[in-house]
Amino acid sequence: MRIVVLAGGIGGARFLRGLKQAAPDADVTVIGNTGDDIHLFGLKICPDLDTVMYTLGGGINEEQGWGRTDETFAVKSELAAYGVGPEWFGLGDRDFATHIVRTQMLGAGYPLSAVTEALCARWQPGVRLLPMSDDRVETHVAVDIDGERKAVHFQEYWVKMRASVDAQAVVPVGADRAKPAPGVLEAIAAADIVLFPPSNPVVSIGTILAVPGVREAIADAGVPVVGLSPIVGDAPVRGMADKVLAAVGVESTASAVARHYGSGLLDGWLVDTVDAAAVPEIEAAGIRARAVPLMMTDLEATAAMAREALALAGEVRA
């Protein structure tokens, strides 16, 4: 079984760990979001790709869900002593090494997809991890501050500002000119199932779908496309997805997110049991829906979610 998963950071990475347990023999290709990428300290940082790589490779800080385990911050402290920022973006020493290797390889002319493959050779994540594009795409958020509208990088909005002000617009800068990375369209065309994990539907999966050709390839693949709601009980399971959903005019409900993706793209949708009442509304929109537990409390609970997604894909196919 060949499975393609569109993944953001923490939610996508943790779901993938459950999927690997639920379907250990599956051939899994992960198309990772690169809209969160940022250049800091002269380095190219790919938070979502690294979170997937570290999580599946056994190097993630489990408590945070991002960054390396057993991390130290000597470099960050030294940079701060020199007055070099930003201090709000916490890179650890082990993490710095990854970004240095990536930046050196990019500087030598290797595309991001080749660099990601080289980094994964160390971590052995057990999946094929592809960036959505080798081209530079950065998600920016429009906000109103002191009566003035300005655009900030998504990382500044999410990490520094903690989404403390309303997002007025979300723009994946460069996505309209980007091309899918080598292997992305081929993996989708060869897939038996496409899954949308409970990642942010706007700035994670939405950014991947914004790369020309990706949405069309999934819609035309002729295979079941099943998603898992990141909204449980009208609130995000993790993070502040409600802020960016509001910016694109989508309510923070499991039903609204399903309709945001649309029946032309999505065949099946899993909602949490607390949102079971939304199932008829989602099915009325042409998307088969089921209510199952969707809290990734541990590996077995996450694997159960993955099994439910695969079962729903089987129902859709039948």
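Which strands does helix H13 (residues 299–317) lie across, and at about what angle does H13 run to S13?

**The whole chain**

Begin with everything shown as a cartoon, and remember that this is a predicted model. The protein chain has 13 helices and 14 strands. A compact globule of 318 residues would have a radius of gyration near 20 Å, and the protein chain, at 19 Å, agrees with that.

**The seven-stranded sheet**

Now select the strands S5, S2, S1, S9, S10, S13 and S14. In that order they form an open sheet of seven strands, with parallel pairing. Look at the two edges, where you will find strand S5 (128–131) and strand S14 (288–291); each has a single partner strand, so one side of each is left without a neighbour in the sheet. Going from one strand to the next, the twist averages 20 degrees.

Zoom in on strand S1 (residues 2–7) and strand S9 (residues 193–196). These two pair in the parallel sense over three bridges. Pick Ile3 and you will see Ile193 of S9 standing opposite.

**Two helices across the sheet**

H13 lies across S1, S9, strand S10 (225–228), S13 and S14, and runs at about 145 degrees to S13. Then select helix H11 (residues 254–261). H11 lies across S9 and strand S13 (268–271), with an angle of about 160 degrees to S13.

**The three-stranded sheet**

Move on to S7, S6 and S8. Listed in that order, these three strands make an open sheet, and here the pairing is antiparallel. The edges belong to strand S7 (148–153) and strand S8 (167–173); each has a single partner strand, so one side of each has no neighbour in the sheet. On average, and ignoring direction, neighbouring strands of this sheet are turned by 25 degrees against each other.

Centre the view on strand S6 (residues 138–145) and follow the partners on either hand:

- Towards S8, six bridges join the antiparallel pair. Glu138 has Val173 as its bridge partner in S8, and Val143 has Ala167.
- Towards S7, six bridges join S6 to its antiparallel partner. Select His140 to find His153 of S7 opposite.

What phi does Asp146 take in the hairpin of S6 and S7? Select the two residues between the strands of this hairpin, and you will find that Asp146 takes a positive phi near 55 degrees.

**The largest pocket**

The largest pocket holds about 1000 Å³ of space. Of the 45 residues that line it, select Gly9, Ile10, Trp66, Trp158 and Arg238, which are the closest to its centre.

Which helix gives the largest share of the lining of the largest pocket? Colour helix H1 (10–22), helix H2 (47–57), helix H4 (93–107) and helix H6 (154–160), each of which supplies at least two residues of that lining. The largest share, five residues, comes from H2. Colouring the lining by residue class gives 24 nonpolar, 14 polar and seven charged residues.

**Two backbone details to finish**

Select Gly85 and Pro86: the peptide bond from Gly85 to Pro86 is cis, with omega near 10 degrees. Pro86 sits in the loop between helix H3 (74–81) and H4.

Finally, go to the loop between H6 and S8, where Arg162 lies. Arg162 is not a glycine, yet it has a positive phi of about 55 degrees.

Note on methods:
Residues are numbered from 1 along each chain as its sequence is written. This is a predicted model: local features need pLDDT of at least 70, side-chain atom pairs count only at pLDDT 80 or more; totals for chains, interfaces and linings use all residues. Side-chain values use heavy atoms; hydrogens and water are left out. Two strands pair if DSSP finds at least two bridges between them. Helices (H or I, at least four residues) and strands (E, at least two) are DSSP runs, numbered from the N terminus. Axes are lines fitted to C-alpha atoms, for helices over the stretch in contact, and angles run from 0 to 180 degrees between N-to-C directions. Contact means heavy atoms within 4.5 Å. On a 1 Å grid over the protein atoms alone, a cavity is a set of points where a 1.4 Å probe fits but cannot get out, and a pocket is an open set with protein on both sides within 12 Å along at least five of seven lines; lining residues have an atom within 4 Å of a point. Grid points are joined across faces, edges and corners, and a volume is the space filled by probe spheres set on the points. Ala, Val, Leu, Ile, Met, Phe, Trp, Tyr, Cys and Pro count as nonpolar, Asp, Glu, Lys and Arg as charged, and the others, Gly among them, as polar. The radius of gyration is taken over C-alpha atoms; the globule rule is 2.2 Å times the number of residues to the power 0.38.
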